[in-house]
Amino acid sequence: MLRTLGVNLIKCRRPITADSFVSNYCRISSKTIQSKTAVSTKRISEMTTIDKSNYLLPNNQRFVELDSSQAFNNLTKQEKLYAHYLSQAAWNGGLIVLMQTSPESPRIFSLLHRIFVGEPLEKLRESALKAGVTEDDFQAFLVYAGGLFANSGNYKGFGDTKFIPNLSKESFESIVKASKAYENDTTHITKLWQNTQNAIYSLTPRLTSLGLADKGITTYFSSNCTEADSNLVNDWMKTKRLEAYICRTFKTVADDGLSLFTVHLASVQTTSKSQLTLDKEKYKGAYFQVTRGDYSPLLKIVNENLAKAQQYAANDNERNMLKHYINSFNEGDLEEHKEGSRFWIKDKGPIIETYQGFIETYRDPSGQRGEFEGFVSMVNKEMSKKFGILVDGAERFIKLLPWGEDLEKDTFLRPDFTSLDVLTFSGSGIPAGINIPNYDEIRQNEGFKNVSLGNVIPAAYKEAIIPFLSEADKRLLEKYRVAAFELQVGLHELLGHGSGKLLRQNADGSFNFDQKKVKNPLTGKLIESWYSEGETYDSKFTTLGSAFEECRAEAVGLYLSLEPEILKIFGLEGQEAEDVTYVNWLSLLWNGAAKATEMYQPSTKTWLQAHARARFVLMRLLELEGNGMLTITESEPGKNLLVTLQKDRLATDGKKIIGDFLVKLQTIKATGDAAGGEHLFEKYSRLDGVWSRWRDIVMLHKQPRNIFVQPNTIHKDDSAELKRYPASAEGMVASWVERFPRAGVDDVLEQLAEADGKYFTELQTLAAA
């Protein structure tokens with residue numbers, strides 16, 4: 001999936017992200033950046049050991065509107081109501097992500113939401129200024145709230161690093177105490193502030209990023225779980241043929257002193273049920289059990305809205321899809337969600353497209369547990385026509401890929417591929433493209449869908465500037481970046497994530513390949529490893545899986561963007577086609593050099609984002625193996641870099657290097673060779689030598705990603721209306737107040753956070769230190 005632009009743009013089998021091109025820079029000079037850093041440092045004087053500017057959203061943070069009004073207004077009344085109730089389900093389900101991000105996120109949301117619901121924003125501003133708060137500090141308060149709402153927590157959806165308010169704790173408290181919410185319920189608001197203030201502001205090293213054990217924080221596991229615990233849980237779940245998409249794992253101590261791991265399923269129902277929950281059993285010196293009822297009250301609201309949406313569905317596929325989603329969320333039954341996904345695949349070319357559930361596994365440190373995500377969107381017919389032609393030629397284009405037919409699927413499962421205007425996207429970030437479902441057995445044997453989220457790309461590129469390139473290359477990017485990214489989304493999603501076979505031994509002992517004939521292209525020997533029954537790509541590749549697959553899909557996009565027939569589908573011929581291809585390569589490699597290392601944490605030597613690591617690997621591959629085809633130089637010592645790509649070598653040297661690398665990537669994936677994948681990625685994703693120093697230069701130019709302001713829908717009479725909001729921090733806050741106009745949702749979030757608290761006590765201690 002290509003995640004969101006400059007932001008981060010592809011949600012493909014995972015998502016595609018648009019900072020493949022530019023990273024939505026605010027229009028400020030390096031001198032301005034330095035001066036703002038100084039101001040920020042003064043504001044947060046209590047923290048002195050860390051460069052806090054890396055953890056702040058600046059007051060000039062850019063907000064952009066995600067406009068879908070034209071597509072929505074063209075819907076029928078029935079379609080509008082269908083989209084409305086799907087959106088209500090998505091937004092309520094999206095609150096689950098607060099629980100999945102950090103222990104404090106639900107309470108921070110509740111504190112901010114109660115304050116904003118309690119009175120008009122201008123009244124709050126007036127009261128805060130009378131209390132001595134400056135205009136700058138009040139703006140910083142709004143920006144922080146907008147960031148928390150957009151990321152569904154206090155860690156960035158792209159990069160998984162923490163962000164803190166750009167005002168002092170004292171000023172934040174003054175705003176809290178100046179609010180009507182504080183006046184009306186002093187005891188409760190005081191308790192919320194006291195329970196969150198340390199976690200909001202703490203930059204204790206472990207708390208600065210998401211990760212497992214000493215590498216960060218996560219709520220997918222209790223805070224006392226180690227990497228060894230994660231591996232043990234993974235092993236046990238394999239023996240039970242359990243997939244981890246809809247669960248979290250909590251470690252406690254049993255009466256006899258052994259560890260007890262509770263695998264807790266997301267569901268409305270909370271009682272035991274045969275075939276879903278499991279009583280306590282012993283495995284390798286520890287106990288394991290499966291329970292259900294995680295996020296129960298939120299999933300109950302999701303299901304209520306999905307049931308209302310069913311009344312307005314256009315056909316039986318949509319009704320059956322929603323029926324099985326409801327069953328899955330009610331029971332905690334992953335198989336029901338898979339069944340719903342099968343009906344989703346069958347629903348070809350719908351006017352309203354939606355997918356909801358525990359989908360992407362990027363933020364689980366072990367790469368297996370899904371974050372809740374829900375999107376609702378409307379078809380863009382013009383771009384969908386281009387993608388349809390690409391699908392028509394897909395079987396032919398897949399044969400151009402370099403790994404050969406033995407490592408390709410036996411039959412190409414023709415997917416639906418449409419361009420959509422996003423109405424609603426809940427979760428920790430908005431992608432530009434999606435290739436789902438992620439379930440291996442469905443993708444390999446039954447099919448999938450590709451979705452390009454067309455209105456995300458231009459919105460994400462608004463007001464972007466580009467460092468580290470020549471003026472000529474900057475002009476080309478400005479002219480062709482949207483066209484190039486649409487091309488990359490199509491190739492990445494359809495022919496990247498949609499290609500490649502997993503070699504597997506079936507339950508009856510048979511194989512899905514000829515053991516006596518198929519050879520490993522890397523060794524020349526017969527295949528020696530494969531996937532056994534119960535093993536999936538995620539369970540084999542765990543933490544490496546997302547970055548490895550994104551790298552494979554991105555490389556496919558580069559490789560096939562050189563094909564004239566494919567370029568012609570997108571209306572590109574002659575010099576323009578050459579320029580768009582060049583921009584596609586340049587933007588991705590530029591991203592690897594100029595942006596990706598922002599997502600690398602030197603202290604733990606870990607990558608915080610899959611797409612970033614993937615792009616850095618491709619950039620380093622061509623830098624190391626290209627014999628000068630791609631060069632990065634330090635144009636101003638300690639201050640600036642210059643990325644240069646030789647356009648005339650893309651179709652020759654570039655294609656060969658990427659082609660050879662694709663053979664390695666697909667062979668390793670097909671044979672389940674996770675160790676080989678780790679070895680390959682370690683070579684190209686190390687930040688050593690000059691790159692350890694060049695990262696500091698990249699960080700000097702770092703700018704915040706755009707925050708999307710999304711509309712709301714309102715059921716009125718026999719239809720639904722669209723409500724848009726200004727592209728500002730104020731507009732962002734207003735959208736969330738009207739999305740959840742009452743504080744009842746805050747009560748639910750606080751109750752859930754309270755119930756979880758016992759699993760994260762050591763994190764509370766760290767925050768208070």
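Let me start at Asp160. Leaving out residues up to four places away in sequence, Asp160 touches Tyr155, Thr208, Ser209, Leu210, Arg363 and Leu608. Contact here means heavy atoms within 4.5 Å.

A word on the source. This is a predicted model, where local features need pLDDT of at least 70 and side-chain atom pairs count only at pLDDT 80 or more, while totals for chains, interfaces and linings use all residues. Residues are numbered from 1 along each chain as its sequence is written, and side-chain values use heavy atoms, with hydrogens and water left out.

Back to Asp160. It sits in the loop between helix 7 (135–151) and helix 8 (169–178). Helices (H or I, at least four residues) and strands (E, at least two) are DSSP runs, numbered from the N terminus. Is Asp160 buried or exposed? Buried, with a relative accessible area of 7%. The cut-offs are under 20% relative accessible area for buried, over 50% for exposed, and partly exposed in between, with a 1.4 Å probe and protein chains only.

Now the backbone. Most residues other than glycine have a negative phi, and most peptide bonds are trans. Asp160 is not a glycine, yet its phi is positive, about 60 degrees. Asn627 also has a positive phi, near 50 degrees. Asn627 belongs to the loop between helix 24 (610–625) and strand 15 (630–636). Its relative accessibility is 69%, so Asn627 counts as exposed. Then the peptide bond from Ile436 to Pro437: it is cis, with omega near 10 degrees. Pro437 is in the loop between strand 11 (433–436) and helix 17 (440–445).

Next, helix packing. Two packed helices are described by the angle between their axes and the distance between the axes. Axes are lines fitted to C-alpha atoms, for helices over the stretch in contact, and angles run from 0 to 180 degrees between N-to-C directions.

First pair. Helix 5 (residues 105–117) packs on helix 29 (residues 744–756) at about 155 degrees, axes 8 Å apart. That angle makes helix 5 roughly antiparallel to helix 29. By the cut-offs, under 35 degrees is roughly parallel, over 145 roughly antiparallel, 65 to 115 roughly perpendicular, and the rest oblique. Helix 5 brings Pro106, Arg107, Phe109, Ser110, His113 and Arg114 to the contact; helix 29 brings Val745, Asp746, Asp747, Leu749, Glu750, Ala753 and Glu754. How do the residues of this contact divide? Into 5 nonpolar, 2 polar and 6 charged. Nonpolar covers Ala, Val, Leu, Ile, Met, Phe, Trp, Tyr, Cys and Pro; charged covers Asp, Glu, Lys and Arg; the others, Gly among them, are polar.

Second pair. Helix 19 (residues 471–497) meets helix 21 (residues 545–560) at about 120 degrees, again with axes 8 Å apart. So helix 19 is oblique to helix 21. Among the contact residues are Gln488 and Leu491 of helix 19, and Glu549 and Arg552 of helix 21. The contact of helix 19 with helix 21 has 6 nonpolar, 5 polar and 4 charged residues.

Last, the cysteines. The structure holds 0 disulfides, a disulfide being a pair of cysteine sulfur atoms within 2.5 Å. Cys225 is buried at 2% relative accessibility. Cys247 is buried too, at 4%.
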